[in-house]
Amino acid sequence: MWMLSNIVADSEHHIQMVIDAGLMPAVMERLGCGKFSVQKEAVWIVSNCLAVGTPEQVKYMVEQGAVGTLCHLLASYATPSMITTILDGLNNTLSKAGEDSEVILTQMKEADGLDMIEKLQQHGDQNIYRLACSIKSHFPDV
């Protein structure tokens with residue numbers, strides 16, 4: 001997982017190679033369950049893909065369940081660095097969503113992500129607060 005997180009942090013081309021190799025379903029499986037150290041690296045893989053990836057690659061990650069799983073993990077982790085990484089991934093997803101923002105909103109609602117993000121707007125860490133506000137700004141009517 002650590003090696004993959006470094007590979008996908010580099011370029012769209014590397015992300016595509018990992019997708020083409022069929023590794024993302026295993027990453028998503030590890031993201032959803034497992035030891036904290038493994039989940040942490042899986043979060044980095046997903047977040048890196050959402051930050052560096054093309055809109056098509058981001059759409060693929062959304063189709064793989066990245067949004068809902070990241071939202072579920074927000075409730076699980078108290079460490080500010082993990083929360084920041086997750087929020088950064090969600091924010092990058094929304095920034096590249098385009099026409100798919102409604103799909104992302106639905107996935108976030110179903111995973112109670114919007115409620116968690118609302119709570120995180122009260123967080124004492126300024127990075128977390130800023131990211132939570134940025135995510136919420138994509139959905140002003142919600």
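Predicted model: local features only at pLDDT ≥ 70, side-chain atom pairs only at ≥ 80, totals over all residues.
Packing here rests on contact, meaning heavy atoms within 4.5 Å. Helices such as these are DSSP runs of H or I with at least four residues, while strands are runs of E with at least two, and both are numbered from the N terminus.

Residues are numbered from 1 along each chain as its sequence is written, and side-chain values use heavy atoms, with hydrogens and water left out.

Which residues of α2 are buried? In this helix, residues 12-20, they are I15, V18 and I19. Buried means under 20% relative accessible area, exposed means over 50%, and partly exposed lies in between, with a 1.4 Å probe and protein chains only. Viewed down the axis of α2, the buried residues fall within an arc of 100°, so they line one face of the helix. The arc is taken from the directions from the helix axis to the C-beta atoms. As a general point, an α-helix has 3.6 residues a turn, so residues three or four places apart point the same way. On the face of α2 turned away from the buried side we find the exposed residues H13 and D20. Just after α2, G22 has a positive phi of about 75°.

I turn now to α8 and α9. Helix α8 (residues 101-110) packs with α9 at an angle of about 80°, their axes being 5 Å apart. That makes α8 roughly perpendicular to α9, a label for angles of 65 to 115 degrees; under 35 counts as roughly parallel, over 145 as roughly antiparallel, and the rest as oblique. L105, M108 and K109 in α8 meet G113, L114 and I117 in α9.

Next comes Q121, located in the loop between α9 (113-120) and α10 (126-137). Q121 is buried, at a relative accessible area of 18%. Neighbours within four places in sequence aside, Q121 contacts Y129, A132, C133 and K136.

Finally, how many disulfides does the structure hold? There are zero, a disulfide being a pair of cysteine sulfur atoms within 2.5 Å. The sulfur of C49 is 17 Å from the closest cysteine sulfur, in C71, which is too far for a bond. For C133, the closest cysteine sulfur is also in C71, at 16 Å, again too far.

Conventions:
Axes fitted to C-alpha atoms, helices over the stretch in contact; angles between N-to-C directions.
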